[in-house]
Amino acid sequence: MLDVRDLSVDYGSIRAVRGISFHLAKGELVSLLGANGAGKSTTLKCIAGALKASSGSITLGGVAITSSSPEQVVRAGLATVPETRDVFPDLTVAENLMLGAYIHRRDRAGNRDNLERVHTLFPRLAERKHQAAGTLSGGEQQMLVIARALMSRPTVLLLDEPSLGLAPAIVDRIFEMIDTLKRTGLTIFLVEQNVNQALAIADRAYVLRLGKIVASGTADEIRSTTDLSAHYLGG
Ligand SMILES: Nc1ncnc2c1ncn2[C@@H]1O[C@H](COP(=O)(O)OP(=O)(O)OP(=O)(O)O)[C@@H](O)[C@H]1O
Ligand SMILES: [Mg+2]
């Protein structure tokens, strides 16, 4: 579904991602683990079209998206939830969701159906549809940005540290929700530092360290063969 080969990304003269290769099969939930500064967000931003690759290739369902713009990438079926978790604070929850459906703006009936599906997944957002998004709690804002990404009807969803900075009970709900999304058949790439919870729901994982993939395998293999705590994730 998503195939990344020999990808390198530079910030000026600094190489943040150093020739990494990985893939996601249809319906898989794959996690990218790594410490602060490992290059996780850089990788996601490059796939999303927000950063240019210095070398390498990215294909989505066999179609090259390496040099595509962010909008072209979304149209190709890939949605990204960045770590910044930005909502439009003065717009309502409903208005934020409709912005996620921008590429389908002429398909009103389709958007109505999809909104219903998203409301079923996130009943809390349905209850708060008229509330200004800036007044939602942190966990609710995280749900809103995920729900907004789903409004573009992606086949692949990239999530950048969705659990970051949230209370443990909310983190549990976010992981449950990601697991639910996987069961709908969505292909998911989950960037996380919350190793245990990510591996609990992931089929496979890759470990990124200083811009390179240093371990990969099934969640069980990663748990049993990789010193995740100290060496790669900084304790
Ligand atoms: N805009 C930028 N300009 C220059 N260097 C950058 C920029 N953004 C990130 N970097 C550098 O690239 C490297 C990878 O950063 P990146 O944000 O991808 O890491 P990360 O794995 O997402 O970390 P975190 O877990 O803290 O979010 C870091 O060394 C970082 O300092
Ligand atoms: Mg990051």
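Buried means under 20% relative accessible area, exposed means over 50%, and partly exposed lies in between (1.4 Å probe, protein chains only). By that scale, glutamate 83 is partly exposed at 33%. This is a predicted model: local features need pLDDT of at least 70, side-chain atom pairs count only at pLDDT 80 or more, and totals for chains, interfaces and linings use all residues. Residues are numbered from 1 along each chain as its sequence is written, and side-chain values use heavy atoms, without hydrogens and water.

- Serine 41 is buried, with a relative accessible area of 13%.

**Threonine 135**
- Threonine 135 is exposed, at 51% relative accessibility.
- Its side chain reaches the backbone oxygen of alanine 132 at 2.6 Å.
- Valine 93 is 42 residues away from threonine 135 in sequence and 9.8 Å away in space, C-alpha to C-alpha.

**Whole chain**
- Buried residues make up 49% of the 235 residues in the protein chain.
- The C-alpha trace spans about 45 × 40 × 30 Å along its principal axes.
- Of the contacts (heavy atoms within 4.5 Å) between residues at least 6 apart in sequence, 67% join residues at least 24 apart.

Note on methods
Chains are lettered from A and ligands numbered from 1 in the order in which they are written. A polar contact is a pair of N or O atoms within 3.5 Å; within protein, one must be able to donate a hydrogen and the other to accept it, and residues adjacent in sequence count only if both atoms are side-chain atoms.
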